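Reader: Could you help me learn to read a structure with two chains? I would like to take one feature at a time.

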There are 2 protein chains.
Amino acid sequence: MRIEVSLTPALYPFRTIASHHVAVAVDILRATTAVCAAFQAGCECVVPLDSLENLPAYRKLGYALAAERNGSKVGDAEYGNSPTEYLRHDMRGMRLAYSTTNGTVTILRAADADLTLVGAFANLSALADRLRMEDKDTVILCSGWKNAFCLEDTLFAGALIERVGGDPCGDAAHMALDLWQLAKGDPFSYCRKAEHVLRLERLGASADIPFAFQTDTCPVVPVLKDGKLIV
Amino acid sequence: MRIEVSLTPALYPFRTIASHHVAVAVDILRATTAVCAAFQAGCECVVPLDSLENLPAYRKLGYALAAERNGSKVGDAEYGNSPTEYLRHDMRGMRLAYSTTNGTVTILRAADADLTLVGAFANLSALADRLRMEDKDTVILCSGWKNAFCLEDTLFAGALIERVGGDPCGDAAHMALDLWQLAKGDPFSYCRKAEHVLRLERLGASADIPFAFQTDTCPVVPVLKDGKLIV
């Protein structure tokens with residue numbers, strides 16, 4: 001099985017593996033880490049939305065709302081996109097409508113794959129097991145930050161390729177693997193220079209950062225089905 | 001001075017440094033290495049063109065034509081984009097109209113900067129000296145391959161940041177620097193896994209590959225002025 005890495009949404013159209021593949025949507029800080037945390041906390045389903053405008057309609061349907069823009073919780077949503085906040089709540093049976101700056105957009109962009117999964121360090125081992133079981137060409141779709149490259153998603157892509165043991169397809173996959181070799185001893189420390197780490201620290205979201213680099217804190221594999229993430 | 005890296009043309013619109021900057025256009029294999037070689041061989045000027053259609057008009061004006069698509073020389077052009085081929089010719093006084101798959105497009109995209117330079121390992125030291133003299137925010141524009149990420153341009157970006165000693169701006173610059181630390185002992189060997197290296201080897205252009213990773217073979221700094229590259 002080949003594994004390719006799209007470094008940002010702006011590069012998705014230029015990937016080699018375009019049909020009959022598994023897609024893994026990644027936004028380590030924090031959207032996909034938070035999705036894993038939501039299911040770990042008992043959530044029933046998460047509906048990823050690219051626009052805040054659609055949130056009120058979901059509230060009328062009984063959904064709880066989670067929304068973030070530029071690192072901060074949005075207005076009247078019950079939740080932002082903090083995984084450690086999710087884990088402090090009992091979300092059993094909850095249906096969540098979810099919109100973030102980058103990550104939910106990435107999940108929706110990945111929806112044209114045969115199978116769309118959500119990936120983070122939080123579910124690394126469970127996700128790698130699932131990918132090995134599927135044994136299909138795989139594209140890891142990194143979110144970056146507003147279409148720009150980011151270190152943390154790329155590191156995770158490298159970690160996932162290593163863990164799955166597939167064939168890296170294309171230069172971005174090789175780079176991600178090599179960067180991971182450099183950082184794997186302590187990925188959290190390596191990413192202290194990452195722009196979004198510095199941004200979240202300024203915003204006071206420091207607790208989420210080391211959490212997002214811990215592996216296997218939320219051993220679930222969210223799957224996109226009919227516009228909803230379920231496990 | 002800050003130095004930012006755009007990893008492919010598709011990511012140029014999302015860079016941080018957008019105004020009042022120096023741009024360095026990079027396509028190590030082979031367009032910008034070949035531009036340096038053309039001047040080293042005596043060329044008077046090189047006109048970068050994004051389309052093959054404009055070439056015949058330049059022939060009527062007395063220009064020699066150099067054109068490449070997908071790694072191979074195009075039809076009736078005198079030259080392709082092989083730097084080692086250029087260096088075998090006496091190009092003194094020659095005006096060259098030049099169109100390649102990626103590199104000339106990148107040079108033209110970089111034209112909105114206050115100063116647009118051409119960079120390659122071939123002119124690394126001379127270019128770094130010039131950038132230090134300018135002492136302005138700098139964006140290194142990598143060509144990649146048809147908007148996809150490539151290893152060799154990214155490595156060069158890391159090498160240039162290291163040599164100039166500016167402040168890496170953004171995650172891509174940090175990644176490029178770290179990748180360069182990993183590969184600098186032998187960048188040619190490191191890039192044996194790069195897609196475009198494999199492509200050029202299939203096409204029989206093997207001599208250009210080690211040449212393109214040698215530093216300071218062509219100590220010139222091509223500058224874009226009124227649509228023409230000059231030194």
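Reader: Where is B:Arg30 found?

Author: B:Arg30 sits in the loop between strand 2 (22-26) and helix 1 (31-40) of chain B. Helices (H or I, at least four residues) and strands (E, at least two) are DSSP runs, numbered from the N terminus. The peptide bond from B:Leu29 to B:Arg30 is cis, with omega near 5 degrees. This is a predicted model, where local features need pLDDT of at least 70, side-chain atom pairs count only at pLDDT 80 or more, and totals for chains, interfaces and linings use all residues. Residues are numbered from 1 along each chain as its sequence is written, with chains lettered from A and ligands numbered from 1 in the order in which they are written.

Reader: How are two copies of a chain related?

Author: In general, by a rotation about an axis and a shift along it. Here, a rotation of 180 degrees with 0.0 Å of shift along its axis superposes chain A on chain B (RMSD 0.0 Å), by least squares on the C-alpha atoms of residues with pLDDT of at least 70 in both. The two copies are therefore related as by a two-fold rotation axis.

Reader: How many residues does the contact take from each chain?

Author: Two residues are in contact if their C-beta atoms, placed from the backbone, lie within 7 Å. The contact takes 23 residues from chain A and 23 residues from chain B. Helix 7 of chain A gives the most to the side of chain A that touches chain B, with seven residues.
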